[in-house]
Amino acid sequence: MTARAPHSTTTSSQASTQGSSQGSSHGSVLGWSLTVLLREWSARVEDASRDLPHGVRGYQVLSAVVHETPPTQAALAARLGIDRTVMTYLLDKFEGCGLLERRQDPADRRARRIVPTDHGRRVLAEVDARVAQAEDELLSTLPSEDRLVLLALLEHAAGGAAPGEDRCAAVARSAALTQEA
């Protein structure tokens, strides 16, 4: 199924010509576009999550804890690609801020489940709203119909490129790479 931007007045040959001329000055149009958007997305999400301990990394941790079955500390660290020792410090900070709790796993007394508090859920909802606004602003040059098409196409392409990949872990890895750059 091929999706086409609803209000596009560019013909296929015009888009091809524009893409190749832009591609020659910027290398790959796809690579350049994704790089610019990822850089801008990362900066905006960092700003939106500035109130959380450890910024974007903290946002990923809290999001995973709130939106999924309470993970164990080890499973959460593995899923997000965070060293287990570092995860201990992150969770200590989140627990100290009243955003989450460690609870004994009823099935395994040696394991602790990471559970969000009501305060943690409220804080995440606020950060999620700021992230959504940042994403909306990032794509503000596109009509709303085109944004929906773009997001659907990107999701489809990403799913085909990395079938079954954990979305939260992928975002956490790319955010870490962007911060290192």
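Okay, let's start at Tyr-59: leaving aside neighbours within four places in sequence, Tyr-59 is in contact with Val-45, Ser-49, Leu-52, Leu-124, Val-127, Asp-128 and Val-131, where contact means heavy atoms within 4.5 Å. Before I go on, this is a predicted model, with pLDDT of at least 70 needed for local features and 80 or more for side-chain atom pairs, while totals for chains, interfaces and linings use all residues. Numbering runs from 1 along each chain as its sequence is written, and side-chain values use heavy atoms, with hydrogens and water left out.

Now the core. Tyr-59 also belongs to the largest nonpolar core, which has 27 residues; that's a set of buried Ala, Val, Leu, Ile, Met, Phe, Trp, Tyr and Cys joined through side-chain atoms within 4.5 Å, buried being under 20% relative accessible area with a 1.4 Å probe, protein chains only. Among the members touching the most others are Tyr-59, Val-61, Leu-62, Met-87 and Leu-91. Helix 3 (55-67) is one of the elements giving two or more residues, and its share, 7 residues, is the largest. Helices here are DSSP runs of H or I, at least four residues, numbered from the N terminus.

So how do helix 3 and helix 5 cross? Their axes, lines fitted to C-alpha atoms over the stretch in contact, come within 11 Å and cross at roughly 80°. That makes the two helices roughly perpendicular, the label for 65 to 115 degrees. Helix 3 brings Arg-57, Gly-58, Val-61 and Leu-62, and helix 5 brings Val-86, Met-87, Leu-90, Leu-91 and Phe-94.

Technical notes. Buried < 20%, exposed > 50% of the residue type's maximum accessible area, 1.4 Å probe, protein only. Axes fitted to C-alpha atoms, helices over the stretch in contact; angles between N-to-C directions. Parallel < 35°, antiparallel > 145°, perpendicular 65-115°, else oblique.
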